[in-house]
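Please view the sequence and structure below before reading on.

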Amino acid sequence: MIDDFLNGDLSAVEAALRDAAAAEIMPRFRQLAAHEIVEKSGPHDLVTSADRGAEEYLTPVLTTLLPGSVVVGEEAVHADPAVYEALRGDAPVWIVDPVDGTRQFVRGEPGFCMLVALALRGEVLASWTYAPARDELATAIRGRGALLDGVPLRSGTPEPDSVLTVAMSHPDFTTPEEKRALLGVKDAADIDARPCGSAGLEYLDIARGALDAVAFSWELAWDHAAGLLLVTEAGGDVRTLSGEPFRITGGNALPFTAGRDAATVSRVRERLMPVAGLAEVAPGNDAAAGAGAGTGV
């Protein structure tokens with residue numbers, strides 16, 4: 001069933017994203033009232049009426065497009081954490097981040113996007129990244145490549161020995177051990193590190209060769225599933241601290257890295273591992289990789 005869906009006309013998914021943005025997000029862009037902005041875990045973790053409205057709009061549309069599918073959305077999981085367990089089930093799962101980059105959205109900046117990925121048993125099969133304020137739409141289908149507004153995306157390769165530009169997790173969202181690991185990137189002479197913005201747009205920049213890599217310390221599926229498939233289908237690579245592929249179902253050795261190619265990812269991981277005390281960990285060490293089912297990017 002899901003193969004038939006992926007081999008069919010997927011324009012309805014793109015239309016759903018555009019319609020949700022037109023109905024729920026863009027009318028509130030730079031028009032938010034104070035009561036429409038709420039802190040969740042802290043001042044850097046915000047939700048707005050646009051986030052909630054867009055997810056509520058998308059949920060029935062997506063599940064109608066693929067009967068038997070379910071939605072794991074950021075706001076639904078915030079209301080009921082048990083919803084996240086659907087990632088480990090047997091039904092196709094739509095993974096939805098209705099507004100990725102909510103802080104930017106609240107500030108009236110265009111650097112936010114909508115993220116949708118379709119996964120089955122932990123494997124991401126398709127993804128959509130839509131930046132409504134920029135009117136950019138990137139898509140990826142596993143094994144078929146990545147597109148930006150219909151044009152093929154290729155991440156390319158940084159110049160040999162060049163200084164890498166790397167976007168990193170905000171320190172508010174890191175454990176002390178992860179902070180120490182990320183310092184290995186921040187302090188490296190051959191890396192120009194900066195705080196990340198919208199994760200989805202950082203992944204898009206890797207896929208089009210405008211950013212060399214990211215080093216992230218959190219693993220919530222709605223932030224990463226769509227973008228990581230986009231990166232890998234554009235020719236990039238993704239590895240956790242232990243050298244394993246990233247699992248959307250969790251249990252990853254963090255921080256993890258996504259980059260324009262395997263060599264770039266290796267360079268960033270080399271800066272992470274000695275600080276984290278994991279320099280001896282080799283790819284394929286399942287014990288070090290942590291628990292978690294599935295093999296999805």
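R142 is partly exposed, with a relative accessible area of 28%. The side chain of R142 meets that of E123 in a salt bridge, at 3.5 Å from N to O. R142 belongs to the loop between β7 (136–141) and β8 (145–148), and E123 to strand β6 (residues 123–131), so the pair ties together parts that are 19 residues apart in sequence. E123 also counts as partly exposed, at 31% relative accessibility.

## Overall architecture

The model is predicted. The secondary structure of the protein consists of 10 helices and 14 strands. The protein has 297 residues, of which 55% count as buried. Among contacts with a separation of 6 or more, 67% join residues 24 or more positions apart.

In soluble globular proteins, nonpolar side chains tend to be buried together. The largest nonpolar core here holds 43 residues, and I95, Y203 and I248 touch the most other members. Helix α8 (residues 221–233) contributes the largest share of this core, 8 residues. Apart from this core lies another, of 32 residues, among them V13, L62, V96 and L137.

Beyond its neighbours up to four places away in sequence, I95 touches residues including V72, L87, W222 and I248.

## Other salt bridges

The protein has 15 salt bridges in total. One of them joins the side chains of E85 and R88 at 3.2 Å, N to O. Both residues are partly exposed, E85 with a relative accessible area of 46% and R88 with 41%. D190, R267, E270 and R271 form a network of salt bridges.

Technical notes:
Residues numbered from 1 in each chain as written. Predicted model: local features only at pLDDT ≥ 70, side-chain atom pairs only at ≥ 80, totals over all residues. Heavy atoms only, no water. Helix = DSSP H or I, 4+ residues; strand = E, 2+ residues; numbered from the N terminus. Buried < 20%, exposed > 50% of the residue type's maximum accessible area, 1.4 Å probe, protein only. Contact = heavy atoms within 4.5 Å. Core = buried A, V, L, I, M, F, W, Y, C linked by side-chain atoms within 4.5 Å. Salt bridge = Lys/Arg side-chain N within 4 Å of Asp/Glu carboxyl O.
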